[in-house]
Amino acid sequence: MAHNSNFPNGGPSNTASSSAAEPRKVPISMLLSNEEQTAMGILPASHWQQQFTDDETDDDVVPRARTASLTESIFQYRHIHGRTYHSDLGNAESWEPNDERHIEAMEIAHHAYMLTMGHRLYCAPLDKNKVRKVLDIGTGTGLWAIDFADEFPEADVVGTDVTPIQPSWVPANVRFELDDCNQEWTWPANTFDFIHARMLVGVIEDWYLFHRQAFRTCKPGGYVETFVVCSTMKCDDGTLKEDSAMLQWGKVFNEGGRRFGRTFEVYDNDLQRKAMAAAGFVDIEYRDYYIPIGVWHPEKEAAEIGLWWKLAVEADIEGYLNYIFNIVVGWSPEETKSYADRCKKEWNNPNFHGYAVARSAWGRKPGYVPGNNERTR
C-alpha cells in the first residue's frame, strides 16, 4: 500500500417546513454522567461557562429558494434546539443541520477541502476517457459532484444524500437523489467507474459494509475513494494544554460517536484502508494531510489552509456541535455555546499551535479493464 504525506518533517507522531417532527433522542440511560465524562478526560460542561463568553448572536437566516419535484414530507425537517435536520429517512441520523447557515458553512468547507488536497477533487488515477458513471455518496450541497461533472463532461454524476439541499441549476450531466448509504444499495452490480465519499465520519454505521456495497456496485477496474478528517486535534509543542477547547474537541466527538453508533474515529482506526482491503479492493493507496487550525502557521500555504478551515467551522460552529454535544452527550445549549466561544478564541490566538490530520484513501476493484486484453488482479 503506497503512502503519500504533506506533513512537515515526515508528519506528526502518531428551510424547512414549520411542521416540526420530534427529534430522536439518546435515552437518558445512555447519556454520559459527570463521573463518566471525567474518567474519559472530558471536562465538565460547566467548565466552559467559567471561561470567556461573547455576546455574539447568530445572524438572521434567510432561507434559499429551492425547486424540487419531491414530496412535501421530505421537507418536514426535524427541529432540534432551533436548528433543522433532515426528515425521517430509514435509519438516517445525520449529526449536521441542513439549514441555511450550515449550508453556507459547508460551501466554505468545500473550498477548505480543495486547498487541503492541492486544488484536486480526487487522488485516484482516473482516466478521463473511460470514466462514464460516477457516484458521490453524502454529496451535501453537491459542490463536489458539480465540479467533478465540469471536469468530466462525458461522465454522468449521481450525488446522493439524506437531505435535499442541493441546487436545482446544475450541469446537464449531474443529478441528485435522496438516499441513505447505510441501507442496502439498490444500484446494479458493476455500475460505477468511480465512487466517492467525503467527510462521512459520524455518518456511516459500518465501514466494512459500506465498502462491500461499494465493491459490488463498482465496475471492474473502477475506483473507490474516501476522504476523512480525524476529530482529535493535536499539538506538538506544548502550546495547547489538556484543558484547552481544541484538545477536548475529539474526546467529546469520539465518545459521542461511540454512543451514537457512527464512529468519528475512522482515521484513528485506519478504517478506510482496512475496509477496502477486506472488501477486495487492490492497489490501495493513501495520502495524509496536515491542517494547522487557525492563523498561527508561518508558511503561507499552510496558513491559508488553516485560515479556511477556521472560517469553515466558525461559520457554524454551533451547528457542528449541536447534535453530538446537546443530544448525544447531554450538554445544555448554553454550555455548548460557552465551549464554542472558547474554541473560537483559541483558533484566533496565534500562540496556540493546534492542528488536525486528514486522509484520502483509494483502491481499485480488480477485474477486466476496458482497453486491455487481459484481466488484472
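Where does Val295 lie? Val295 is found in the loop between strand S9 (282-292) and helix H8 (300-314). Helices (H or I, at least four residues) and strands (E, at least two) are DSSP runs, numbered from the N terminus. The model is predicted: local features need pLDDT of at least 70, side-chain atom pairs count only at pLDDT 80 or more, and totals for chains, interfaces and linings use all residues. Residues are numbered from 1 along each chain as its sequence is written, and side-chain values use heavy atoms, with hydrogens and water left out.

Val295 is partly exposed, at 37% relative accessibility. Here buried means under 20% relative accessible area, exposed over 50%, and partly exposed in between (1.4 Å probe, protein chains only). Together with Leu307 and Leu311, Val295 makes a nonpolar surface patch of about 190 Å². Patches are made of residues with over 30% relative accessible area and no salt bridge; like charges are joined within 9 Å, nonpolar side chains (Val, Leu, Ile, Met, Phe, Trp, Tyr) within 5 Å. A salt bridge is a side-chain nitrogen of Lys or Arg within 4 Å of a carboxyl oxygen of Asp or Glu. Areas come from the Shrake-Rupley method with a 1.4 Å probe; for residues, only the protein chains shown count as cover.

Aromatic contacts were counted next. Rings of Phe, Tyr and Trp (its six-membered ring) pair if their centres lie within 6.5 Å; planes under 30 degrees apart count as stacked, over 60 as edge-to-face and the rest as tilted. The count comes to 24 aromatic pairs. One of them joins Tyr122 and Phe194 edge-to-face, at 6.1 Å centre to centre and 70° between the planes. This pair links distant parts of the chain, 72 residues apart. Tyr122 lies in the loop between helix H3 (100-116) and strand S4 (133-137), and Phe194 in strand S7 (residues 192-198). Both residues are buried. One aromatic cluster is formed by Trp249, Phe253, Phe264, Phe325, Trp331, Tyr339 and Trp347.

Charges also sit over rings (NZ of Lys or CZ of Arg within 6 Å of the ring centre and within 35 degrees of the ring normal). Arg120 lies over the face of Tyr122, 5.7 Å from the ring centre. The charged end of Arg262 sits over Phe260, at 5.2 Å from the centre of its ring.

The whole structure holds 0 disulfides (pairs of cysteine sulfur atoms within 2.5 Å). Cys181 is buried, with a relative accessible area of 10%. Cys235 is partly exposed, at 21%.

Gly367 belongs to strand S11 (residues 367-368). Gly367 counts as buried, at 11% relative accessibility. Its C-alpha atom is separated by 9.0 Å from that of Gly222, 145 residues apart along the chain.
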